[in-house]
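Keep the viewer open as you read.

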Amino acid sequence: MSATATIYLLTAAAVFGIGVYGLLQARQILRQLLAINLMGGATFLLLITLGGGADGPPDPVPQAMVLTGIVIAVSATAFALALLVKLQDATGSSDLDPPDAE
Amino acid sequence: MIALAMDAIIAIGLVWLALRTVRGANVFSAIIMFIVFGLIMSLAWARLHAPDLALAEAAIGAGITGALLLVTWRRLQVLEGSVPQVGAETRSLWLTLPTGLAAALLIAGLGWVALSLPAEPATAGELAWQRLPEMGVSNPVTGVLLGFRAYDTLLEMGVLLAAWLGAQVVASEHRPGALPGPAHEEVPLVGALLSLVVPISLLVAVYLLQAGGSAPGGAFQGGAVLAAGGVLLCLTGRLEAADQASLIERVVLILGLAVFSGVGLVMLPLGEPMLAMPGVWAIYLIETALLLSIALTLVLLFAAAPGLRRRL
Amino acid sequence: MTFGWQALPLYVVLISVVTAMLIFALGEGRQHVRTALNLGGAILKLVLIMLMLLAIQSGASFEFRMPLLPGLDLVLHADRLTMLFATLSALLWLITTVYAIGYLEQSPNRARFFGFFSLCVAATMGVASAGNLFTFFIFYELLTLATWPLVVHRGTPEAVAAGRLYLAYTLIGGVLLLIGLIWLHALAGGSDFIVGGSLAPLAAGNETTLRAIFVLFMLGFGVKAALLPLHSWLPRAMVAPAPVSALLHAVAVVKAGAFGLVRLVQDVFGFDLATSLGLTDLLAGLAATTVIYGSVLALRQSDLKRRLAFSTVSQVSYIALGVATGGVLATIGGLVHLVHQGLTKITLFFCAGNYAEGLGVHSVEELDGLGQRMPVTSVCFTLGAFGMIGIPPLAGFVTKWYLGAGAAASGAPWIIAVLVASTLLNAAYFLPLVHRLWFRPLPDAMAKRELAITGGRMQALVGPTIVVAAMALLAGLFAGTPGSPLFWVIRMVGGEP
Amino acid sequence: MPSEFLIGLIFLPLLGACLAVLPWRWSIRLGVFGGLASLPALLAALTLAVIRDGAWYYTLGGWTAPLGIRLFVDPLALLMLWMVAIIGGVAAAHAWHDFRPGTPAGARFWPLWLLLTAAMNALFLSADLFNLYVCLELVTLAAIPLIAMAGTATAIRAAMRYLLLALLASLVYLLGVALLYNATGTLDLYLMTDGLAASGGPATSLAFALIAAGLLLKGAVFPLHVWLPNAHASAPGPVSAVLSALVVKTAIYLIYRIWLWTLPAEDPMQGAVELFAVLGAAALIYGGILALLQERLKLVIAYSTVAQLGYLLLVLPLASVTAWQAASYQLLSHGLAKAAMFLAAANILHAVGSDRLADLERLDQRTPLSLFALALAGVSIMGLPPSGGFLAKWLLLEAAWREGRWLLLAALVLGSLLAAAYVFRILAAGLRREDPTEAEDAEGTSPIGRRQAAYALLLAVLALVAGFGAAPILDIVDAGIPAGWSAP
């Protein structure tokens, strides 16, 4: 296990943890989306770090997976943001737990 | 040693930026921190011998996602009217902090165990290197994306299409603050700058596309760069939202999926399996179609519009 | 799986299902087509059953078998017990249909009513011809489902509440049956009904298990058979229209429960095994308690239909009592009561329906002097009441005679005591009614009240009443003649007429 | 040529979606018919091939696994594909009326519907863990906009909640995939088993735990079901039908796949099936009680889904032929019945203008066919005979009895009594009439209403017929029993 791998592994773990914390902590959906994206980034980082990116010839399979994952993440985020605008427009609130539950 | 120091700086930067993102004083600064996080992340990818990812992260993860986040923030502000959301409403720390810590420890522990395993090269990765020559491209990531695991990429285009379709479903009739007005036109330099930047983005996109075969790059990075050009045109009011997607736009939106599936299906009557590539030309053909679809989809998602037209 | 003439029991079931589907499809309008369908289906079914009867006389056998699950078949067959119950219900279905057509002339939702009515009869036929417990269970539950819409037919809050109670009892009963069935299946596999029981070879070492299974089944069937303490849904279900009450009490639901108890004792466990496990004593005790308890409660009812309902609670348990007493004579008594009680009780319910429809009479007090206003109905009612009490030579007497003789033969004199007590109670709650009908003066208000039913509708209500009353009368009068229910049952049980 | 049929199942709806994006009415029609109506024929051919040759793999692009991606078709996959074809097809026919091609709503609806169909077919056929991630995301991102099409604030809010949790679930799943790839060097579901047997350890066990967590969240398994009721209840009728009958089943299907095929028999994570069973039993009770407490018809049906999913998890520790048959039959009959209920509820909502139970009196006159469909489907949901649901419940009870799992048995019994309670509560609400002498309404059902009701009725009747057609279906399903379950 190389030092580089260790560093990035710890980074991935820390960022994922921060993402979880942020997701639970935030009330605004936009912040929750940011947190989910952070967690996604951490997951990708873990995938590449484990895929031997840190030492020796990199494994192209995880790299391709992460590339696919990035595009999926931006797609999902884009849709989520559009939905968020609609939510604000339709309910006047960008909060999932409005006090006036129907 | 210097390299290691760099890694350490990147790592600390990432963690700090992530923290700033979730603890940012307001949403806007959180978004900015997230964008910077994406940029630093692309440095990390470069350090991890993943230049394709570095490009993709910079263009898509930081660039396009950042633009989407900012424009959405703007739209929300328009909708909220003059009462901005004050500060970060947050929940109690008692549960969230330990959960986050536990998650971090879990990942660290898991990764630690995984890394401690005897370093055996992954079977699939080994095979990818071995059989790359059969693909006719030398960039192994492109080989995987358009060859060995082309099916993933194809379905991923479906995801992108679904995102646009979904955005259409939830688009509000009156498109609150869809795009800024043409106010920027008054700034004299904008026009000149645009006439420089947009062709460059096209050029870079085409370069990335053709380079993808042998060097870092490919349809996704190229598409994102091209989309960035489109986003600029939207922002400066050169393009405006149309009520309907034109036929050409619709064709371009499905081009990636249709061409990819079409090429895959073409080989079936010849006795080849589905998604067998008839040659390197087919890879470039597909990549071109993907690039166009990706670029247009991302621009339309940014504009939150069914279609675009030139502002007259 | 053959669909030839051996599958006749299947077609007998399907006739009613198809009738139901056609009626549903037809919708609310087109009354004449519906009537034609109803009567056509009922007559066709009766004809098929007659054919089966004849064929069975000449030694033919009928069976339809279809695998539903690995090791579990849907079996429809026709043994003598099947034919007894099937003939009774087919005949009474026809008559009740005529009655119901008259009864519901002007009320809404007739399509739904007759659809579920047919479905209910289909389920009853399925229960009658089921060749194993699994099949029995399927139709038994179908019966629950098909009768619920009839119980809540009026849609009033009382009807919905009665429906809820009915479901609570029957569905929990169904679950008990299901558990028993699963248990038995794990123990014995999916075995068919066999005269004399199929479980005897398994008895050694499994006594406790078998006892538990028997109790589960007894409770499951007991709900529909209104055994104490599972009977309280029955009086509440009286909110349903009179033809439904008639059907529930005389033909379908209550009888299906009683029939299940007969099958359980005779064809699943076998009387000998059930007795050696002490189970028949349990059943007999429960049935006897129900007989007395139902009669006592009937005494206290001032609503006519509720009084009849508690009478049913009491009378149906005769069937279980007879079967549980065992021996040829008592068994004959129990089985023949399946028919006798059906004919007699349907007469009484038809009469109650006539009073309610004709003069708006619901309570016992209002019966005063009605013998003058509605003489035919009142004669029929009187016959039915006498039959229930067991006045010789009416049908009820025949039943009680055989039950009593059987009890004496089996050395269970306490059962005779129960019979005597029950007869006295029967008399105590029926004779006052008869007295009111014929010997009390007609109040002025009632004398002035117009008869709400006239003309063709009158015939449609009174006609069937006369027919069932006559059948009840004849079943008793000619009990010793070949072709009578008694004669039939005697041949079935294997005794000498 | 069965492999072409396999390809067609994924690519015909996918290309249909492309066609449906184009602006012409004919292109949408062609896309829908080509993408949906062709599926039963393809499946019939495929089924014959599977009966003849057994399960088989298809290597995409000629790149053999572990390098490439394989498709795998076996009886379980066939069952799910048939459900997509039949239930999805009937729901699409029902949706045709509200989302006509040529209308703005139709133009938005059909591409997403076809993408969803393609995604589910791809998911049921995929043999690759990462490809499954892509499929899951495609299912999610195609399904959620369809919920949002309802346009109400509740629907938008439910869609948002669903989306956030689905994204989280996918990430957790992906995390597990990353660890498994690292440990085994392959992503193939079936090649992975050997690698796991050799190099499995606490890390891979935890990887499976992460995958399970993601799937349980996506599958709305109690207590992770919070997103489901509002999402399923507020979507347009045909969408609700497909969400409850098919989309949540994708996650359950993957749990089956991974636990019964990929995970080695001796792996300690096999113990998780006990946890699944506990969750299933809890879902059965909790969902049943909550369904009983709802005041709106569609919410009752949605909570019923939460409950009925419990059956599918409860079966996992029973590991026998009977349990396998029970699981398969429950998948099938719940799908048919639940879709029928949602379609019928949509008709009722349309006719009455409300789906509050308090507003549903005299439904037997206002929407007789839909009420009838609701009742028939309800029979299957309650597990009463004669219906597919009854056979499934019987098999479940039998399997639980054989294994001596008394607590599971008690949960099953309690769950089905609760189901009976909430189904009859709906029906009683529909039969209620305040004034029994009230004259009949002249208000007949329009031809369109009758046709919409017929679709609901068709599925309900199929659920009922399933109560008699088990033998041939179970024959096919038996051939696909997972290895560990076939031992007597």
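Two residues are in contact here if their C-beta atoms, placed from the backbone, lie within 7 Å. Please keep in mind that this is a predicted model.

With that in hand, turn to chain B and find helix H9 (residues 219–235) and helix H11 (residues 280–303). Two packed helices are described by the angle between their axes and the distance between the axes. For H9(B) and H11(B), the angle is about 35 degrees and the axes lie 8 Å apart. The crossing of H9(B) past H11(B) is right-handed. On the H9(B) side, the residues that meet H11(B) include B:Phe220, B:Gly223, B:Leu226, B:Ala227, B:Gly230 and B:Val231. Facing them from H11(B) are residues including B:Glu287, B:Leu291, B:Ile294, B:Leu298 and B:Phe302. Sorted by class, this contact has 15 nonpolar, three polar and one charged residues.

Now zoom out to chain B as a whole. Chain B is divided into domain 1 (1–82) and domain 2 (136–312). The centres of these two domains of chain B, taken over C-alpha atoms, are separated by 22 Å. Where they touch, 15 residues of domain 1 of chain B are in contact with 16 residues of domain 2 of chain B. The domain 1 side of that contact has eleven nonpolar, one polar and three charged residues.

What about the other chains? Four pairs of chains are in contact, and among these pairs chains A and B share the most contacts. Chain C has no contact with chain A, and the closest C-alpha atoms of the two lie 28 Å apart. Chains B and C are likewise not joined by any contact, with their closest C-alpha atoms 39 Å apart.

The largest nonpolar core has 603 residues, and those with the most contacts inside it include A:Leu83, D:Ile147 and D:Ala159. Helix H6 (residues 153–184) of chain D gives the largest share of this core, 24 residues. Both domain 1 and domain 2 of chain B each supply at least three residues to this core.

Finish in chain C, at C:Ala55 in helix H2 (residues 31–57). Is C:Ala55 buried, exposed or partly exposed? C:Ala55 is partly exposed, because 16 other C-beta atoms lie within 10 Å, whereas a buried residue would need 20 or more. The C-alpha atom of C:Ala55 is 24 Å from that of C:Phe136, 81 residues apart along the chain.

Technical notes. Residues numbered from 1 in each chain as written. Chains lettered and ligands numbered in written order. Predicted model: local features only at pLDDT ≥ 70, side-chain atom pairs only at ≥ 80, totals over all residues. Core = buried A, V, L, I, M, F, W, Y, C linked by C-beta atoms within 7 Å. Buried ≥ 20, exposed ≤ 12 C-beta atoms within 10 Å, placed from the backbone. Helix = DSSP H or I, 4+ residues; strand = E, 2+ residues; numbered from the N terminus. Domains from an automatic or database assignment. Axes fitted to C-alpha atoms, helices over the stretch in contact; angles between N-to-C directions. Left-handed = near helix turned anticlockwise from the far one by under 90°. Nonpolar A, V, L, I, M, F, W, Y, C, P; charged D, E, K, R; others polar.
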